[in-house]
Amino acid sequence: MMASSYNAKEEDGRNSNSSTHGGAAVAKSKKPDNTAFKQQRLPAWQPILTAGNVLPAFFVIGLIFIPIGIGLYVTSNNIREIEIDYTGSESGSPCNDCSTNFTWNTTTPCICTVNFTLNQPFEGNVYMYYGLSNFYQNHRRYVKSRDDSQLNGNIKSLKEPSKECEPYRTDPVTKKPIAPCGAIANSLFNDTLELFHNEPNGRTTAVPLAKRGIAWYTDRTVKFRNPVGDNLSEVFKDTEKPMNWMKPVYELDPSDPENNGFINEDFIVWMRTAALPTFRKLYRIIHKNSSSTLTLPSGSYTLKVAYNYPVSSFDGRKRMILSTISWMGGKNPFLGIAYITVGSICFFLGVVLLIIHHKYDSRNNSADIPN
Amino acid sequence: AFVHIVMISCYTSLVIFFIPWAAMHDAVRSDGKDVADYQSFALLTQTSLLIVVSAQMFLDTNYWTAINQFFLWGSLAVYISVTFTFLSNGLFFMFTSSFPFIGAARNCLQQSNVWLTIFLTCLLSILPTVAYRFLLIQLNPTISDKVRYKAKEEGQPTPAPYRPPARRVSTRRSSYAFSHSRGYGNLVTSRKFLRLRKPSSLFNRKEAANLCKQLIFCRI
């Protein structure tokens, strides 16, 4: 890519100081060995930015980036996505009652329903996410407030959680250790979302939601392990549930022992802290059914929410997102637009540099090198 | 020059953070799972930073010997191996709380949108430097640039084979002193003077002529 010139660096190592010590070479010679390495004669390659290198590079980059950008943009546009904000902070919105009447000690969850319409059918696997805004899961003290050995099933850490979990380390009333400890676990998202399809003939069918397969494979199999023992409630008997939880950890999913305790996938997904204050996390998957090609046909749908998670205290927002997926992930037009922009800037810059090069090239060639 | 460097640093820092930020804003993996989590984002930013720094060094290095190649590519290779080591299962089991990023590399670096983001970030950081240097060479070439350009045009002569510099005989000795020294016997029989028939490019003509004058016997 760059102009290469075979340039053996020659440095004369001959003028060493041993010759001034008299002719008798009894004293040990201080001359460095006559190898290529020590005499700095290694073959070298010299990158030079010439017009022949840089201009084609700019054009090639421009020509490569623009189709990639177009491909990304088209792929992103083909992804179907719908966001339903169900925070209920405005009066008149469906979940306003639940939002304003929230108390910490409710035993019966507040249910609210949101109706929405899908204008276009969703094909293939449809992924259901919950999204939160203004929730800083990347706050440093929050991110450190966890005990990974406890979550890995270490019995010693189960009884004595790490100091990082303070003040969510031991229960203030019973003084027992909290399992799982820490602020991240304490703020587990506990809304329940259900989806119903209002068919044109008047029937309402529940859309089947799969709750397994939403967490990373390495998280589920390596990082999170239940403490050894058959009966989870026995294993966790000397521990307390986190303060803001309604159920203890061994009751997260009693129907499925593979999804109960620390290895509950909703819990694992929540514990993977998000990088940005507005994030979405995978909640359920709607698998494509083999009988019909449309996973979610267009029409009217109802979202039923068990509103357990308070966000109004920090002006957060909650939403439910339904999205299809492509090879590049969800709907994100930024990469496509960025590639197209950078490609065109590159191409334009290449043209400008070419003009400059033509204008000033004569100056280079005729310039005399002063001796 | 300080202002220039500060500007380039600010620009590169902003690019290295904000491009991944915008690309990861609502991103998910190609199987629907999370990729916008803290650890993946950190890994993405870190990797693009390493590559940008290596590319800058590539642009700044003038002579690429084998040592330079080894260290530059080596540092990238070490980064990759260290990343996968730190994020492996083994280290997590040994020192659980110190290596919580387990699995992040395997899950995040598989995604094509992550690699596309890295590629875009690196290119966007390098392009201004390349364009600026190229412009400088075109508009305001320094002497070393001109020399290099001319050398590239004319082609480097093959490096002269190594030869010990010919022994310089002192020019100030009179013939009387010569007659008391060992004389030319050794020199004549050593066939050394024969080489001076074709003076090499290392010596300019004047020097070669001088040397020949001393030895009398050479013919140019």
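In the predicted model, Cys95(A) is buried, because its relative accessibility of 2% falls under the 20% limit. Cys95(A) forms a disulfide with Cys112(A), and the two sulfur atoms lie 2.0 Å apart. This link is right-handed, with 80° about the S-S bond. It connects distant parts of the chain, 17 residues apart: Cys95(A) is in the loop between strand 1 and helix 2 of chain A, whereas Cys112(A) is in strand 2. Cys112(A) is likewise buried, at 4%.

Strand 2 of chain A also holds Cys110(A), which is linked to Cys98(A) in helix 2, 12 residues apart. The sulfur atoms of Cys98(A) and Cys110(A) are separated by 1.8 Å. The torsion about this S-S bond is about -85°, so the disulfide is left-handed. Cys98(A) is buried at 5% relative accessibility, while Cys110(A) is partly exposed at 30%.

A further disulfide joins Cys165(A) to Cys181(A), with 1.9 Å from S to S. Both of these cysteines are buried. The count over all chains comes to 3 disulfides, and those of chain A follow the pattern 1-4, 2-3, 5-6. Cys346(A), by contrast, is in no disulfide; the nearest cysteine sulfur, that of Cys122(B), is 14 Å away.

Definitions and conventions: Residues numbered from 1 in each chain as written. Chains lettered and ligands numbered in written order. Predicted model: local features only at pLDDT ≥ 70, side-chain atom pairs only at ≥ 80, totals over all residues. Heavy atoms only, no water. Disulfide = S-S within 2.5 Å. Helix = DSSP H or I, 4+ residues; strand = E, 2+ residues; numbered from the N terminus. Buried < 20%, exposed > 50% of the residue type's maximum accessible area, 1.4 Å probe, protein only.
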